[in-house]
Amino acid sequence: FNAKHYTIKLSEKEHYFNLFSDLKNYIDKPIIILHLFSCINFKNKLLNNQEIDHMLDYGFYSVLFMLQGYIEYFGSEEELKCGIITDASQQVTGAEKLNPINATLTGMCRVVPQEYEKLQLNLIDIDGNEPYDVFLPTAIVNYCVSKWVASCPIRAFRNGYQWDLTYSNLQLTESINRFRNNGVYLCTGGLGGI
């Protein structure tokens, strides 16, 4: 470690703890982190178990260990903004080849801020197969520095456009009741935060 460089092994939880232990004396708050390890392009082949584990180390577990290290040394009441850049975790145009391993980060970006209000995670998805000009890096940095929207944790950039995941009410013209009086129904999960 020096003032500009720090090398860690992504699959080692202790390395993240050491990182934040050392950084605590060097950085001001609020903290903004760009996590780019999930931009590995494995979309064009069938992955074996070792490659899946490798991708999970680079994506899900590296973010998890990073957050655990941050909470350990800065606490859950100190503001953190973390932009997690993924490659093809979101289907926007329908033409992209999705990387399902990176989809694990979508759930994390939705749930962590519900449990830790000061930790804001935003997933910013790109398609590594698209040609980009200077627009993309500028848009990502701009968003992470000045346009942070906690209520919209998932966004994607495709063909020079920014796409935000939003929800709206659907107006139904006629309501159909599919339940019977005195009916018996089994609900099996799907009711949690994810």
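Is Tyr 185 buried, partly exposed or exposed, and what is its relative accessible area? In this predicted model, Tyr 185 is partly exposed, with a relative accessible area of 43%.

## Aromatic pairs

A pair of aromatic rings is described by the distance of the centres and the angle of the planes. The model contains 9 aromatic pairs. In one of them, the ring centres of Phe 20 and Tyr 70 are 5.8 Å apart and the planes stand at 85 degrees, so the pair is edge-to-face. Phe 20 belongs to helix H1 (residues 13-23) and Tyr 70 to helix H2 (residues 49-74), so this pair ties together parts that are 50 residues apart in sequence. Both Phe 20 and Tyr 70 are buried.

Phe 179 and Tyr 185 also form an edge-to-face pair, because their planes lie at 85 degrees, with the centres 4.9 Å apart. Phe 179 counts as exposed, at 57% relative accessibility. Elsewhere, one aromatic cluster is formed by Tyr 16, Phe 60, Tyr 61 and Phe 65.

## The largest pocket

The largest pocket has a volume of about 290 Å³. Its lining comprises 15 residues, and those nearest its centre are Ile 8, Leu 19, Ile 33, Phe 37 and Met 66. H1, strand S1 (31-38) and H2 each give two or more residues to this lining, and S1 gives the most, with 6 residues. The lining of the largest pocket divides into 13 nonpolar residues, 2 polar and no charged.

## The second largest pocket

The second largest pocket has a volume of about 220 Å³. It is lined by 14 residues, of which Arg 110, Ala 150, Ser 151, Cys 152 and Pro 153 are the closest to its centre. Helix H3 (residues 104-115) provides the largest share of this lining, 4 residues. The lining of the second largest pocket consists of 8 nonpolar, 5 polar and 1 charged.

Methods
Residues are numbered from 1 along each chain as its sequence is written. This is a predicted model: local features need pLDDT of at least 70, side-chain atom pairs count only at pLDDT 80 or more; totals for chains, interfaces and linings use all residues. Side-chain values use heavy atoms; hydrogens and water are left out. Rings of Phe, Tyr and Trp (its six-membered ring) pair if their centres lie within 6.5 Å; planes under 30 degrees apart count as stacked, over 60 as edge-to-face and the rest as tilted. Buried means under 20% relative accessible area, exposed over 50%, partly exposed in between (1.4 Å probe, protein chains only). On a 1 Å grid over the protein atoms alone, a cavity is a set of points where a 1.4 Å probe fits but cannot get out, and a pocket is an open set with protein on both sides within 12 Å along at least five of seven lines; lining residues have an atom within 4 Å of a point. Grid points are joined across faces, edges and corners, and a volume is the space filled by probe spheres set on the points. Ala, Val, Leu, Ile, Met, Phe, Trp, Tyr, Cys and Pro count as nonpolar, Asp, Glu, Lys and Arg as charged, and the others, Gly among them, as polar.
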